[in-house]
Amino acid sequence: MAIAARKTKAGDSAKVAGKTPAKTATRGKSESKAISNIPVFDKEEELHAYREMLLIRRFEEKAGQMYGMGLIGGFCHLYIGQEAVVIGMQMASKEGDQIITGYRDHGHMLACGMESRGVMAELTGRRGGYSRGKGGSMHMFSREKNFYGGHGIVGAQVSLGAGLGFANWYRQDGRVSMAYFGDGAANQGQVYESFNMAQLWKLPVVFVIENNRYAMGTSVNRASAQTDFSRRGVSFGIPGEQVDGMDVRAVRAAGQRAIDHARSGKGPYILEMQTYRYRGHSMSDPAKYRSKDEVQRMREEHDPIEQVRGRLTREHKVGEDEFKAIDAKVREIVNDAAEFATHDPEPDVSELFTDILLEPAQA
Amino acid sequence: MPIDILMPALSPTMEQGKLAKWLKAEGDRVKAGDIIAEIETDKATMEVEAVDEGVLAKILVADGTENVAVNTPIGVIAADGEDVNAAASGAAKAPPAPQAAEAPAPVAPAEAPAAPAAAPSVPAQAKAYDAASEFPAGAEIVTMTVREALRDAMAEEMRRDADVFVMGEEVAEYQGAYKVTQGLLQEFGARRVIDTPITEHGFAGIGVGAALTGLKPIVEFMTFNFAMQAIDQIINSAAKTLYMSGGQMGCPIVFRGPNGAAARVAAQHSHDYAAWYSNVPGLKVVMPYSASDAKGLLKSAIRDPNPIIFLENEILYGRSFEVPKGDDFLVPIGKAKVVRPGTDVTIVSFGIGMTYALGAAEALAKEGIEAEVIDLRTIRPMDIETVIASVQKTNRCVAVEEGFPQSGVTAEIGMKIMEAAFDYLDAPVARVTGKDVPMPYAANLEKLALPNVGEVVAAAKAVCYRA
C-alpha cells in the first residue's frame, strides 16, 4: 500500500526552475509553452506523481467497471482526466493540511492516502467502507487523513472548507485548508459569501476550482459570465491564477505559491485548474454535449499521466520494465480493493440506527 | 486469464439494454479507456469502455441484440500473449453475481431491528421526569431575564472551554441585535466573539466546517427566519455528516436565535420553525420558556457533541424568572417538565406557547378544572413518556403551539399519544395552534392569527366535555 500512503512534504522538493509566471499558459497552447517556464521535477517526483495518478486512473476505471456490474449503485462520478490536480496539490501540501471537495471525490481520497479498499468498499456499500456503507460514493471522510468529504450539495464544501480554514485561524496552528470545487459550483452564492469572509478574516484557505469545462452537461460558456475563474475573487482582493491542470508540475508550483500565501497569514488564494474529465458527469451521462474529437484530443495531447510517462522515458530513461512493474503494483492494489469490496459483507442491520447522534460526555 | 466483458448497468435503475453496435472486431487490440461498443438504455446511447488491455478475443452478443440483461457476458478480452482461441473457449462461465455468497442478501424489513422511530416504547405505566431536582440543593436563587440567562450561559461555557466561540450578525461590537451577547466581546475578545457580514448561508457553513474539526461554535441568527438562507448547511451538512461518515465526523454546534412571532413584524419575521427542524434526524431541537431552562439548556447544548437548534423568543427575552446561581446548573436536553400538577386534563406546550397553557390552567382552575401543564422544553428528542404519564392520569390532552397546524409539533404529540396511550384517552387529543395563514401585519389580524388563552380554555373544556 505504499503507493497510496505517501505524501511529499512541502519544501523538500526541488526549487522550481526559474520564476513561473503568475499565469501559466491556457489550455490548447501548452505545446507552444516555453519549456523554461515549466517547473522541473526530479526523477523521484516524476515517479511519485506517475504512481499516484495511475492509481487514481486505474481505481476509477475499476469503479466504472464495477458500476457496470451492478456492484456500485446510485451515482458514481469518475475523476479520470483530472488526476494531476489533486496529486500536484498534495505534493505542495503539508501533513495536517485539510482537504474538502464535492461529489467527484475518489481521487482526492486516494491522494490523501486513504486506503483503496475502504474507498472501494464504500462504493459498494459494504461494512468495510470508510463510512461503513452509509455514505456511498459522494460521502466519505477520514479524520485521520484530514479528509473532510465528500459532499453531495454543490458548493456547500466551499463554505465548509472556509470553516476548516477558520478553525486553523482560530487555533493558529499553521494548517491550510484546501477547498476543491468545480466550474459549476463556482456559480453558487455561498462561494462568494465564503470568499468575502475568508479574505475579511485572512483565513488560510486555498480555493481550488477544478474547471473541467462542463457542469454536468452545461459548458462554462453557457453558465458563466466570467469564464476566467481565477478572477472570481477580484472584487474581494483575493489573488488568483489560471493553471494548466493537466500538468502536475504546474499544479504543484502554483499550489506551492497558493499554500505559502495562505500559510503566511495573507489569507485565501484562488487556483483555477484548467482540466478535463474524460468520462461523463456520472455513469449515466452519454455526454452528447461535446464532440468525441474534443475528448480524444485531450486524451492524446494533454493526458496528465502520459505527460509524466513521456518525460520519465525521455529525460530519466525509465524503461518499459520499470513502467510494467509500477503498473502491476497499481493493478494489484486496485484488484485487491475490488476483490475486498465485492466480498466484504453489507453493514449489519443494526447500523441503520447508529451514528445519528453522539452520546454527550457525562458532566 | 481471459476477462469477460459484461453488459454494464449505466444508470441507477437500468436492468437491461440493447447492444447497439460493436466498435471493435474480434482480434482487435484494445487498451483501457478504448470505446468498444455502444449500448442503448431506455434513456440514452452510452459508450462502453474497455477496462483492461488485451485482444478482443470473442464477441458473445451480436450487434443489435435487444433486451440484454445487465451482467450478461457480451465479449471476452484475452490478456497479453494469451491464446485467443483458448481464451474464447473459456468464456462461457457465468459472471460473478453482484452479491457474493459471503455477502448477506439485502435484509427483508421483517428482520430489521425494532425501529425506535416506530411506536414509542412507553411502559404500561409511564414515569414522568422529575424536574424538581434540577435546581441544585441550597443554591441561591436570583431573578433574571431570559436574555441575561442566555448571556450568562454562553459566558460561563466560554470561560470553561476555549473551543467555544460565538459568531453572527451584530453579536460583538453592537452587543447583539437583541442584546443577548452583551459584554461577551469585552470579556472574550474579537477572536471568540465574531461579527459576521450579513451572509447566513456562508457563516453557517463556516461554523459547521469549524465544528467538524472539533471547535464548538455558537452561531447566532438574528432571527431563525434568516436561517432559511442557511438551512442547507444546517440540514445537509450539520445534521447528516455524522451518519454519512459512519460516525467519524461529529458536529458540535449550536444554532440559536429568536424564532416565531414577535410583535407586528409580519410574515417574513414571524415564522416558527420548531416543526421544521424537529423533522430531521441528526438534530436536537430545544425551545425553552423560562429563564432557568434557557440557561440550563443552553449550557447543555453547548456541551453537547451534536448539532443543536436552540429556538428562543423575542417576547420572552425580557421576561424574568427565578434562576439558581452557579456555573454548574444544567438542564438535560430531552426532558420535559411538569410545571403545574393537575388531575383533569393535560396541557402540553413549549416556548412561548407556555404562556397560553399556564394562563389557561389558571382560568380553568377558577372553574374547578385542574389542568396539569407540561413544558416539553426539548422538541427533539421528545420526552413523550412524561406526557404519557400525565395522560394516563388525566385521560385528556390539549397540545398548544404557535406554529402552523399541518405537520406541526402538536400533530406529532397527538400521534404519539395515540400510539402509546390510545386506551387511556377519554377524548380525542385537541390542539391549539397558530392559524394556517402567513402572519398578517395589522394588529387585530395578528392577534387572531396567534393562539390565545381563551382557545386553550375552550379546547380543555371540550376534551373534558364541559360547556
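User: What volume does the largest cavity have?

Analyst: About 70 Å³. Keep in mind that this is a predicted model.

User: What makes that a cavity and not a pocket?

Analyst: A cavity is a set of points where a 1.4 Å probe fits but cannot get out, whereas a pocket is an open set. The count takes in cavities of 30 Å³ or more, and it comes to two. At about 70 Å³, the largest cavity goes on that list.

User: Which residues line the largest cavity, and how do you know that they do?

Analyst: A lining residue has an atom within 4 Å of a cavity point. The residues that line the largest cavity are A:Arg58, A:Glu61, A:Lys62, A:Gln65, A:Arg331, A:Val334, A:Asn335, B:Val51 and B:Asp52. Helix α1 (43-68) and helix α11 (320-343) of chain A each supply at least two residues of that lining, and α1(A) gives the most, with four residues.

User: Now the nonpolar core. What makes a set of residues count as one?

Analyst: The members must be buried residues of the listed nonpolar kinds, joined through side-chain atoms within 4.5 Å. The largest such core has 83 residues, and A:Phe166, B:Phe221, B:Phe255 and B:Tyr277 touch the most other members. Helix α5 (residues 156-171) of chain A gives the most to this core, with eight residues.

User: Which residues are in contact with B:Phe221, leaving aside neighbours within four places in sequence?

Analyst: Among them are B:Phe203, B:Ala204, B:Ile234, B:Phe255 and B:Pro258. B:Glu200 and B:Arg256 are on the list as well. The test for each is heavy atoms within 4.5 Å.

User: How many of the residues in chain A are buried?

Analyst: Buried means under 20% relative accessible area, and such residues make up 63% of the 363 in chain A. Chain A still exposes about 13,100 Å², with carbon and sulfur atoms supplying 51% of it.

User: And what separates domain 1 from domain 3 in chain B?

Analyst: Their centres, taken over C-alpha atoms, are 65 Å apart. The domain assignment puts domain 1 at 3-89 and domain 3 at 337-463.

How values were computed
Residues numbered from 1 in each chain as written. Chains lettered and ligands numbered in written order. Predicted model: local features only at pLDDT ≥ 70, side-chain atom pairs only at ≥ 80, totals over all residues. Heavy atoms only, no water. Buried < 20%, exposed > 50% of the residue type's maximum accessible area, 1.4 Å probe, protein only. Domains from an automatic or database assignment. Areas by Shrake-Rupley, 256 points an atom, 1.4 Å probe, with all protein chains shown as cover. 1 Å grid on protein atoms, 1.4 Å probe; cavity = no way out; pocket = protein on both sides within 12 Å on 5 of 7 lines; lining within 4 Å. Points joined across faces, edges and corners; volume = space filled by probe spheres on them.
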